[in-house]
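Please view the sequence and the structure first.

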Protein chains: 2
Amino acid sequence: MTTLECPYSGRFEQTERTTPNRSRERVTYEREAAYRVLDEAWHCDVAFVGPDGAPRVLPTFHVRVGDTLFLHGSTGSSMGLGGREGFPVSVTATIVDGLIFSKSWFHHSMNYRSVVVHANARLVTDPEERWNTFKALIDRFAEGRSDRSRAASDKENAMSALLAVPLEEVSVKQRTGGPVEEPEDEDLPYANGVAHVTSVVSGRL
Amino acid sequence: MTTLECPYSGRFEQTERTTPNRSRERVTYEREAAYRVLDEAWHCDVAFVGPDGAPRVLPTFHVRVGDTLFLHGSTGSSMGLGGREGFPVSVTATIVDGLIFSKSWFHHSMNYRSVVVHANARLVTDPEERWNTFKALIDRFAEGRSDRSRAASDKENAMSALLAVPLEEVSVKQRTGGPVEEPEDEDLPYANGVAHVTSVVSGRL
């Protein structure tokens, strides 16, 4: 038996914010599990506190490079990225894998994999880091796509903002497997099982 | 030509929080457009401000009933639902419909439909409202599923929390169509087009 080499071994340190009150058996802090979800999800959602003190959440596109999650934004977005050097965010990416049909209402559920990140985000300003990250964002669409399209002009480059989110305080919550049933429900005349949910991409260019 | 009757006509009132700084042409306040996204998305993300003043975001399952979005939670969740009567949240649900391959890096994009809600959420405590909402949550899995499974016992009922989010301050952002190209890029020897992204469910019970 061979073991695949994984450059992302190890666990995130558990913190108060990444410790759930319920369903702890569904939570993992394995770095590799978190990175798989971030790399597979097409979008993520970033939450921050607005100037009025109320919460804000926005969907955006992302790419993970090493131990950093980069979020795409425009320089005019309501996160006010242009004006702040580092600010607290919470980011989540979730993939739904199935619908769980149980014999009881209570045990209906979904199979899913979900990452939550807590971090201080910083605006990316280094020209080389920006260039490499835009390239990585494009290459998420299809391998090598950045070499099959025109690179950004200076003007285009200036219109996009990138936010770097360090992957240090991270948890993964997931459910897998089939329906759970109470012993007394086993003989009820109801069908149970899993409906798999799959995201299909029609083709890459 | 017949027009389908839609019970959810009209527009949400636009507010400062639902007015983007950029890409305003992609934003709509049509109630029907927002409800279609909420009804199609399998999960949503709810953001709130934690006791430490930092943002939190959590994925959860939801069902829309009329002009209210109900979020599923446990009574022990970190939202602290049990202890608060009404508190500010921001909720988003996003569906990715396609990957846009453009001839330039800058115009790579995604087709998507995304709803953002700002609201004061309340914990649902009325027994009848709770019962009807749990039933509606189950029926999202498959039509009439709540009649083909055992209803919640009192004990099970007590273990689940429901949060009601009024749908009043809501915006929808969406991108549709094919790649946008700069006129000077039209003759570049790169392929362009859309890869459609579809969520496939293997079957319902």
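## A serine and its contacts

Leaving aside neighbours within four places in sequence, B:Ser90 is in contact (heavy atoms within 4.5 Å) with residues of both chains, among them A:Pro55, A:Arg56, A:Val57, B:Asp45 and B:Val117. B:Ser90 counts as buried (under 20% relative accessible area, with a 1.4 Å probe and protein chains only) because its relative accessibility is 0%. The side chain of B:Ser90 reaches the backbone oxygen of B:Val117 at 3.4 Å.

## Basis of the values

This is a predicted model, in which local features need pLDDT of at least 70 and side-chain atom pairs count only at pLDDT 80 or more, while totals for chains, interfaces and linings use all residues. Residues are numbered from 1 along each chain as its sequence is written, chains are lettered from A and ligands numbered from 1 in the order in which they are written, and side-chain values use heavy atoms, leaving out hydrogens and water.

## Cysteines

A:Cys44 is buried, at 0% relative accessibility, and B:Cys44 is buried with a relative accessible area of 0%.

## Where the chains meet

In chain A, 80 residues are in contact with 80 residues of chain B. Across this interface there are four salt bridges (a side-chain nitrogen of Lys or Arg within 4 Å of a carboxyl oxygen of Asp or Glu). B:Asp185 forms a salt bridge with A:Arg150, with the closest N and O atoms 2.8 Å apart.

Technical notes: Buried means under 20% relative accessible area, exposed over 50%, partly exposed in between (1.4 Å probe, protein chains only). A polar contact is a pair of N or O atoms within 3.5 Å; within protein, one must be able to donate a hydrogen and the other to accept it, and residues adjacent in sequence count only if both atoms are side-chain atoms.
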